[in-house]
Amino acid sequence: MDKKKFNCKMVDMPVITGFLLASMDRDKVDFLAYSPLFADPFMADVRTKQAECYAIVKAADVMKHQKAVKVQIDDRLVKMRIGMNQLEGYLKLGADKLDIKYSDFGITAIRAAIAKGDVETSIAQGHTLLTNVKRNLPVLQEIGLKPEAIVTMEALVNDIDGLNENHNSKKDERSRATGDSYTKLNDMWFIINNIAAAGRAMYRGADNIKYKEYTISHLLKRVHSESYASTPTLPTDNNQPA
């Protein structure tokens, strides 16, 4: 993967591109007279690359979502481990009446998996533990285990399972979108600078307003002043930033 060659935030780049394309569209005659490089399908190609940049920005938001889900998973794993402490006590109390050995219920395996951060094994062993406990529930209830404790444990395991599927799904989504992120962003940055350089060359000393429209530092200030720093909506041909 390429190293970063642009000096702005990822989220700013497609918006800056939108500003430049809007200005370039108004000044199309000047650009075509300046260089044939800007003839069709130049602008259409740039819009395609701009859309790819928006996808990369979206992937960055996916990563934030992943982190939030991971926090939820860790929280529930802690609760699951605490819930097992009490359950373990009942298993030991009724060890001589259970249909399998206490050590075969899977509590040790779950603790080891949680300690390693192995969510999948924690889930699988959690389901195994619940199956074994439910099968021995009459015996365990006789010595004080409350049915609510099993309901709570099952809800935690199912919740962790669902969150983990969500986390993995977002991981795959991000991987597909950002496999060559820097390559695309660097390419976009190169194009942005070419457009900006041409615009400044044409309007330097001739039209100060248009000159500023092709000055990247000015465009960055405009991005931030107009609150575009969060992920923007992908513009259509009729909804270009102006």
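**View 1. Leu37, Phe38, Phe42, Asp45, Val46, Lys49, Phe190, Ile191 and Asn194 line the second largest pocket.** This is a predicted model, in which local features need pLDDT of at least 70, side-chain atom pairs count only at pLDDT 80 or more, and totals for chains, interfaces and linings use all residues. Residues are numbered from 1 along each chain as its sequence is written, and side-chain values use heavy atoms, with hydrogens and water left out. A pocket here is an open set of points on a 1 Å grid over the protein atoms alone where a 1.4 Å probe fits, with protein on both sides within 12 Å along at least five of seven lines; lining residues have an atom within 4 Å of a point. Helix H3 (42–93) supplies the largest share of the lining, 4 residues.

**View 2. Asp187 and Lys49 meet in a salt bridge.** Their side chains come to 2.9 Å, N to O; a salt bridge is a side-chain nitrogen of Lys or Arg within 4 Å of a carboxyl oxygen of Asp or Glu. Asp187 lies in helix H8 and Lys49 in helix H3, so the pair ties together parts 138 residues apart in sequence. Helices are DSSP runs (H or I, at least four residues), numbered from the N terminus.

**View 3. Lys134 forms a salt bridge with Glu154.** The closest N and O atoms are 2.7 Å apart. Because Lys134 lies in helix H5 (residues 119–135) and Glu154 in helix H7 (residues 147–178), the pair ties together parts 20 residues apart in sequence.

**View 4. Salt bridges that share partners join Asp75, Arg76, Lys79 and Asp159 into one network.** Within this group, the closest N and O atoms of Asp75 and Arg76 are 3.8 Å apart.

Terms used: Helices (H or I, at least four residues) and strands (E, at least two) are DSSP runs, numbered from the N terminus.
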